[in-house]
Amino acid sequence: MSKKKYNVLDLFCGCGGLSKGFEMAGYNIVLGVDFNEPALKTYAYNHKGSKTLCGDLADPNTFDKIDYLLGRKKVDVIIGGPPCQGFSLTGPRQFDDKRNKLYLAMIETVRRYKPKAFLIENVPGMATLYKGEVKDEIVRRFTAMGYTVNTQILCSADYGVPQIRKRLVFVGLLDRKEKFQFPAPYLKPEEYITCEQAIGDLPSLEHTLGDDVSEYEKEPFSDYQKLMRGQCNVLHNHKSIDHKQFVKDTIALVPDGGNWKDLPPGVGESRNFHMAWTRYCSFKPSRTIDTGHRNNFHYKWNRCPTVRESARLQSFPDDFIFLGTKGQQDKQVGNAVPCLMAKAVGIQLLKYLK
């Protein structure tokens, strides 16, 4: 690994999953920018060496604030995950429509600071939106600025994350002829980290709702659990929802890895859509972590996952503490990029920055 620590600017940083992964890979995260204050408070708490800015990247005045906070620091890498909802309404021919302002802000930021490299992540659906024309237009615009761009859909489970989560990733290299080669998978499907290997050591909360700060009750029994605990000896964000009894009774009828289709006739019919009453599977990675809509349940206990359990499934280490209300914390975790997947890409990128 290089002795030089490259400076990273994280746009649309949320609580900081991408930043945490790049920090693990040896980068220096200098600034995180987002418009969501609760997420930014979590970011600031966990990235104490970084500055934060609550600002609208579609506002040109925000760049003056970024300049001020950066000072004389050179930005080597820009990373971020701008929302892309506008493209589904406007299409490639209306790429500059104001509804796409956040993606346009990402492109403008790269144009202004000319980093050695950039990374953008988004939903896999963007790759095929309008038969791939939106993705191609993004690549074309960065190419015109002197970047060689490569894209690939990555699965987080391939890089040691106990979750099947796929993301479209763009990586651009400035003034380089060769394209960035994405890291090969670390694990084969039969080696994927399972839900039990990820969260099986955490307290069951069978007879208590838990607390924001508590203690571990058992020793870790998997390498992943040991990795997530690190030197942490206090358990944070492991607090359950106080479910109504009929909800607990319904969950109890769903087997490990099952869903609403496994319920007896007449039970739980108020929720009969695809993800309803879904239990995580103990011997597989979890499905994509959502933002807390209470459709997924622990593989063994009759409750929703706690924030800490969801964070484990997103590969946030246990010393990463989430702030805000329970709902805000769930959104922060669900919207984040899995840290270990970000770390894998960050480590690969170092080969090109050298």
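Me: Helices (H or I, at least four residues) and strands (E, at least two) are DSSP runs, numbered from the N terminus. With that in hand, in the loop between which elements is Ser315 placed?
Reply: This is a predicted model, in which local features need pLDDT of at least 70 and side-chain atom pairs count only at pLDDT 80 or more, while totals for chains, interfaces and linings use all residues. Residues are numbered from 1 along each chain as its sequence is written, and side-chain values use heavy atoms, with hydrogens and water left out. Look for Ser315 in the loop between H10 and H11.

Me: Is Ser315 buried or exposed?
Reply: Ser315 has a positive phi of about 70°, although it is not a glycine. Buried means under 20% relative accessible area, exposed over 50%, and partly exposed in between (1.4 Å probe, protein chains only). Ser315 has a relative accessible area of 0%, so it is buried.

Me: Where is Leu205, another residue to look at for its phi?
Reply: Leu205 is not a glycine, yet it has a positive phi of about 60°. Its relative accessibility is 11%, so Leu205 counts as buried. You can find Leu205 in the loop between helix H7 (195–199) and strand S8 (210–214).

Me: Which elements do the buried residues of H11 pack against?
Reply: Helix H11 covers residues 326–334, and its buried residues are Gln329, Asp330, Gln332, Val333 and Gly334. Contact here means heavy atoms within 4.5 Å. The partners of these buried residues of H11 are helix H2 (37–46), strand S9 (235–239) and helix H10 (307–313).

Me: How far apart are the axes of helices H3 and H5?
Reply: Axes are lines fitted to C-alpha atoms, for helices over the stretch in contact, and angles run from 0 to 180 degrees between N-to-C directions. Helix H3 (residues 61–70) packs on helix H5 (residues 101–113) at an angle of about 45°, and their axes are separated by 12 Å.

Me: Which residues of H3 and H5 make the contact?
Reply: Start on the H3 side, where Phe63, Ile66, Asp67 and Leu70 take part. On the H5 side, the contact is made by Ala105, Glu108, Thr109, Arg112 and Tyr113.

Me: What does Met126 touch?
Reply: Met126 is one of the residues with the most contacts inside the largest core. Residues up to four places away in sequence are not counted here. Met126 then touches Cys84, Phe87, Tyr103, Val134, Lys135, Ile138, Leu168 and Phe170.

Me: How far apart are the C-alpha atoms of Gly86 and Lys98?
Reply: Gly86 is in the loop between strand S4 (77–80) and helix H4 (87–90). Gly86 has a relative accessible area of 8%, so it is buried. Beyond its sequence neighbours up to four places away, Gly86 touches Arg99 and Asn100. Lys98 is 12 residues from Gly86 along the chain, and their C-alpha atoms are separated by 8.3 Å.

Me: Which residues is Thr278 in contact with?
Reply: Thr278 is in strand S10 (residues 278–279). The relative accessible area of Thr278 is 1%, so it is buried. Leaving aside neighbours within four places in sequence, Thr278 is in contact with Gly258, Asn259, Arg287, Asn295, Asn296 and Phe297.

Technical notes. A nonpolar core is a set of buried Ala, Val, Leu, Ile, Met, Phe, Trp, Tyr and Cys residues joined through side-chain atoms within 4.5 Å.
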